[in-house]
Amino acid sequence: RSCARACAARARAARSRCPCAHARALHAAHPAALAPRTAGASVALCSRIGIMANGELRALGTNIHLKNTFGDGYKIDVTLMPSQEERVHAFIKSIIPTAELLNVFVGTRTYKVRRRDVSLASVFQKMERRPANLGLIDWGLRQTTLEEVFLKIAHEAEVAAIAANTSMPKRRRKRPTEYRNGHFNVSIGYRQ
């Protein structure tokens, strides 16, 4: 009887196209394996997320667990006036000496900060007390995104696969053979 109710709930959720209702319907009855196309859909639809790379399950956990375990900490996005790059950079380094500049785009900079190197309360306090003539227009502090976690795990798997292939002795490839008219014909070249 409960399965019938869950199936009816799934049908209602599918008709409403509401991710939250769909997620509740899925969790109410049975666990489901989904392959969402975006990280946002994973967060909306799944209570636990598994990440596979090269055919192996590399990580499994909740959204927050994956971000805390595999994430790089925090990112600080800063929007600044064009002529004030050096002053703003010096100010950020004075607040967080270990901040690493990741990205520079016209009027915007992104810094990476390790979680253990920063007190969020201190950063917010110092940013709010910054000088008015600093040239800092806007700023934001965010946690590593789930998409960045996916990319990091995929990159690590790729590096591991390359290391595994280079550390093993290379085997000689056999030439492809073909059976025709009772004879084996050996191809001289390889087709790509």
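The model is predicted, so local features need pLDDT of at least 70 and side-chain atom pairs count only at pLDDT 80 or more, whereas totals for chains, interfaces and linings use all residues. Residues are numbered from 1 along each chain as its sequence is written, and side-chain values use heavy atoms, without hydrogens and water. The protein has seven helices and eight strands; these are DSSP runs numbered from the N terminus, with at least four residues (H or I) for a helix and at least two (E) for a strand. Of its 192 residues, 26% are buried, where buried means under 20% relative accessible area, exposed over 50% and partly exposed in between (1.4 Å probe, protein chains only).

- Four strands form an open sheet in the order 4-5-3-6, with antiparallel pairing; two strands pair if DSSP finds at least two bridges between them.
- Strand 4 (100–105) and strand 6 (136–143) each have a single partner strand, so one side of each edge strand lacks a neighbour in the sheet.
- Strand 3 (residues 74–80) pairs with strand 6 in the antiparallel sense over seven bridges, and threonine 79 has aspartate 138 in strand 6 as its bridge partner.

**Threonine 110**
- Threonine 110 lies in strand 5 (residues 108–113) and counts as buried because its relative accessibility is 10%.
- Leaving aside neighbours within four places in sequence, threonine 110 is in contact (heavy atoms within 4.5 Å) with residues including Lys75, Ile76, Glu100 and Arg142.
- The side chain of threonine 110 makes a polar contact with the side chain of aspartate 77 at 3.0 Å; such a contact is a pair of N or O atoms within 3.5 Å, and within protein one must be able to donate a hydrogen and the other to accept it, while residues adjacent in sequence count only if both atoms are side-chain atoms.
- Threonine 110 and leucine 141 are 31 residues apart in sequence and 9.7 Å apart in space, C-alpha to C-alpha.

**Hairpin of strands 1 and 2**
- Strand 1 and strand 2 (residues 56–61) pair in the antiparallel sense over five bridges.
- Two residues separate these strands in a hairpin, and asparagine 54 in the turn has a positive phi of about 55°.
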